[in-house]
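Hi,

Here is the structure I promised to pass on to you. Please open it alongside this email, and my notes follow below.

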Amino acid sequence: MSTLVRARDWQKAHPLAFDAGLALAVLACMLLGSFVEPHGPRGPYFGRSPDGPSITLMLAGSVALIFRRRSPWLVLAATVAVSLVEVITGEPRAPVAMCAVIALFTVAARTDRPTTWRVGLLTMTLLTGTAMLTGPLPWYAQENLGVFAWTGMAAAAGDAVRSRRAFVDAIRERAERAERTREEEARRRVAEERLRIARDLHDVVAHHIALVNVQAGVAAHVMDKRPDQAKEALGHVREASRSALDELRATVGLLRQTGDPEAPTEPAPGLARLGDLVDGFRNAGIPVEVACADEHTPLPAAVDLAAYRVIQEALTNVHKHAGADAKAELSVIRVGGNVEITVIDDGPGADEPAERSGGHGLLGMRERVSALGGALTAGPRYGGGFRVHAILPVADRAATDRPATDRPATTGETA
């Protein structure tokens, strides 16, 4: 097999040398065939010798075959011409038609099927008809039938080679296209995963650092006059920082490879931890009223996480943009096959659209909701404040097995 591969590679690298060797081999076969007497008393034998014109025609046809790749049509015309001259004038005839057979094969391997059969039929008719109509042998002689058979086989073999080459090229092209598609799909998945991790990191850092900032400011303000309240504020700072570290560790753990140290096993946050999330904002000084319905119905993990992150980001925006005296209202309800989340506040609404749309929080929420096939609207309320409304479809997603018993009760309370 390796010898065949090396021979094929050498042929591709030196086409002219290969064709010269082929022409020499065809010349040798024609010369050898011209000495054979097919009609001896005991069968074919070496009992004749070609004349000078026949040898000249064989040489001319063989030389033409050297250029069969560069000018296949001209070579075919030249070899058919010398073959016709030999058929008409040669006595006895020499097998000059062998060079025309090779030329016809070359043309058939390089053109389309209809052209192949038209040219093959024309060549077959010219050579066979001339051989049958001229010369002392009857039309059904084996020499005449041999010309017919060899020209037909040359056209068929050339067409088969062309079809196989086209088939191999198509397979190679499909394989290359599939490889490019796999690479593009891998890059797309990597980009999506990076974007998802970036959203998670943004949500975690923005939420917890905002709480740490508020509690640290409270502690600094009351440190001298009310050390007990400062101590409580520092405790909240510690809890918020610990939660931030835990969630960062869980998020970064997604990037670990096989064999790395064991990643945290704590599940991703969901609405089961909504009470802790709301309590954190209340401790930061933001009154939050909560209303949840159908709290005991488990949600798919992706929907549960997206709902938690939307609420977290919306309440963080309330803390950052609504002002110190703002209040927030949160509702989570099931409407048909969807979960609808609404977060509103009553902060001053003069500059809220520009401020809240300047960062990446709303963009991250929209991307999360859109990834699940939902919709999110966010904008200022009439008379002041801001409203975030998200619709997350759950009807076509499998429910998770994670219990939801820790979700807040269906009540409304104000801190």
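This is a predicted model: local features need pLDDT of at least 70, side-chain atom pairs count only at pLDDT 80 or more; totals for chains, interfaces and linings use all residues.

Most of α10 is covered, with 17 of its 21 residues buried. Just after α10 comes G323, which has a positive phi of about 105 degrees.

Next, the packing. The largest nonpolar core has 41 residues, and the members that touch the most others are L274, V288, I311, L330, V332, I341 and L392. Several elements give two or more residues to this core, among them α7 (142–222), α9 (274–283), β3 (288–292) and α12. The largest share, 9 residues, comes from α10.

Leaving aside residues up to four places away in sequence, L330 touches L274, V278, E289, V290, A291, I311, I341, T342 and V343. There is also a second, separate core of 26 residues, which includes V119, V147, A154 and A155.

One more residue for your list: R368, which sits in helix α12 (residues 361–371). Is R368 buried or exposed? Its relative accessibility is 8%, so R368 counts as buried, the cut-off for that being under 20%. Beyond residues up to four places away in sequence, R368 touches R196, R199, D200, D203, L305 and R309.

Methods. Residues are numbered from 1 along each chain as its sequence is written. Side-chain values use heavy atoms; hydrogens and water are left out. Buried means under 20% relative accessible area, exposed over 50%, partly exposed in between (1.4 Å probe, protein chains only). Helices (H or I, at least four residues) and strands (E, at least two) are DSSP runs, numbered from the N terminus. Contact means heavy atoms within 4.5 Å. A nonpolar core is a set of buried Ala, Val, Leu, Ile, Met, Phe, Trp, Tyr and Cys residues joined through side-chain atoms within 4.5 Å.
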